[in-house]
Amino acid sequence: MTGTPPAGQTGSRTPFGVRLAAAMAEHGPLCAGIDPHPGLLAAWGLADDVAGLRTFALTVVDALGGRVAALKPQSALFERHGSRGVAVLEEVVAAAREVGTLTIVDAKRGDIGSTMAGYAEAYLADGSPLAGDALTVSPFLGAGSLAPAVDLALATGRGLFVLCLTSNPEGREVQHARTADGESVAAQVARFAAEANAVELSGLSSGAAGSARGSGALGSVGLVVGATIGDAARITGVDLAAVRGPLLAPGVGAQGAGAPELAAVFGDARSQVLASSSRGVLAAGPDVAALRAAARQAAADARSALVG
Ligand SMILES: O=C(O)c1cc(=O)[nH]c(=O)n1[C@@H]1O[C@H](COP(=O)(O)O)[C@@H](O)[C@H]1O
């Protein structure tokens, strides 16, 4: 992909889907989560306070920045330290940008449309300190309520990952439910993303974006589809390949999924998958070389399941 900008360049008009595809090709289809759980802080010999949080999170950026396709800080585990924890999240986003690594801020935001516009400004606007390259969002107030986030993400070259078939077993109660016309909630969500990507991809016409056009191009509105879901895509009638966007696949590592599950769950949509692992990689810390080795192994496992 000649002319593709550095993967971590944010605020450009080069679409997130194009930048993510380049980063996955360069580093392998792995997103490393930054989840500073109290137990991990303790295991790393750190206090469960803002200083410990900061050391933990910036060590991960230092170890894995420039070496993985994306980093995904888990907002909840920063928020639990209050406003100073959120300031550390802002630092993490800036540090990753500095080393050219894409960030997916995992805050799972969702609200009525007019309030969603506020969240969109916080996480997707140029110049906002919480704006990484993409945001996880919840469509369970109705997928259409996410329209302000879609609009701002596409306008700023950022992306979204919309919860669709989540890795936790309780998710089925909502996601497998059928609407009055028989479509599953998950399929409705997937259709929402597919429609946004179809519009975006049909508009790509020149430069780096244009070179990514074609059957393999990824739009910027992805889905979250857990690697632990078994045959839920078939059960719910979700056509993952038709989404033409990236598929963030948590559940790898600590939640039990590995290469066989990735291959089985994603079938002909495997090339769109960004496998995501947090504790499975972070448990190797705080040693930087050990963190790098763990991420390298996780990326190799994901690549073996998803590429080729
Ligand atoms: O959006 C997510 O990333 C997500 C969606 C989902 O369905 N399941 C899921 O585990 N996650 C997140 O992915 C991370 C998983 O962490 P590990 O189980 O330690 O790899 C956590 O930050 C979860 O909040």
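The entries below go from the core to a helix pair, then to one helix and its loop, and end at the ligand.

**Entry 1: the core.** First a reminder to myself that this is a predicted model. I began with the largest nonpolar core, which has 102 residues. Which members touch the most others? I found A149, V162, C164 and L262. Helix 9, residues 185-203, gives the most to this core, with ten residues. My background note says that nonpolar side chains tend to be buried together in soluble globular proteins.

**Entry 2: L262.** I picked L262 and listed what it touches, leaving out residues up to four places away in sequence. The list reads A227, A249, V252, A257, V273, A275, A302, A305 and L306.

**Entry 3: two helices.** Next I looked at helix 3 (residues 50-64) and helix 14 (residues 288-306). They pack at an angle of about 65 degrees, and their axes are 9 Å apart. I noted the crossing as right-handed. Where do they meet? Helix 3 brings T59, V60, D62, A63 and L64, while helix 14 brings V288, L291, R292 and A295. I sorted the residues of this contact into six nonpolar, one polar and two charged.

**Entry 4: helix 7.** Which residues of helix 7 are buried? I have A149, V150, L152, A153, L154 and T156. A149 had already turned up among the core members that touch the most others. The buried residues of helix 7 pack against helix 1 (16-27), helix 6 (113-124), strand 4 (134-137), strand 5, helix 9 and strand 6 (221-225). Just after helix 7 comes G157, with a positive phi of about 75 degrees.

**Entry 5: R158.** I moved on to R158, in the loop between helix 7 (147-156) and strand 5 (159-165). Buried or exposed? I wrote down buried, because 27 other C-beta atoms lie within 10 Å, and 20 or more is the cut-off.

**Entry 6: the ligand.** How many residues are around the ligand? I got 19, and T166, S167, P250, S278 and R279 come nearest. Strand 8 (273-277) and helix 13 (279-282) are the elements that give two or more residues to this shell. By kind, the shell divides into three nonpolar, 13 polar and three charged residues.

Definitions and conventions. Residues are numbered from 1 along each chain as its sequence is written. This is a predicted model: local features need pLDDT of at least 70, side-chain atom pairs count only at pLDDT 80 or more; totals for chains, interfaces and linings use all residues. A nonpolar core is a set of buried Ala, Val, Leu, Ile, Met, Phe, Trp, Tyr and Cys residues joined through C-beta atoms within 7 Å. A residue is buried if 20 or more other C-beta atoms lie within 10 Å of its own, exposed if 12 or fewer, and partly exposed in between; C-beta atoms are placed from the backbone. Helices (H or I, at least four residues) and strands (E, at least two) are DSSP runs, numbered from the N terminus. Two residues are in contact if their C-beta atoms, placed from the backbone, lie within 7 Å. Axes are lines fitted to C-alpha atoms, for helices over the stretch in contact, and angles run from 0 to 180 degrees between N-to-C directions. A crossing is left-handed if the near helix is turned anticlockwise from the far one by less than a right angle, and right-handed if clockwise. Ala, Val, Leu, Ile, Met, Phe, Trp, Tyr, Cys and Pro count as nonpolar, Asp, Glu, Lys and Arg as charged, and the others, Gly among them, as polar. A residue is near a molecule or strand if its C-beta atom, placed from the backbone, lies within 6 Å of it.
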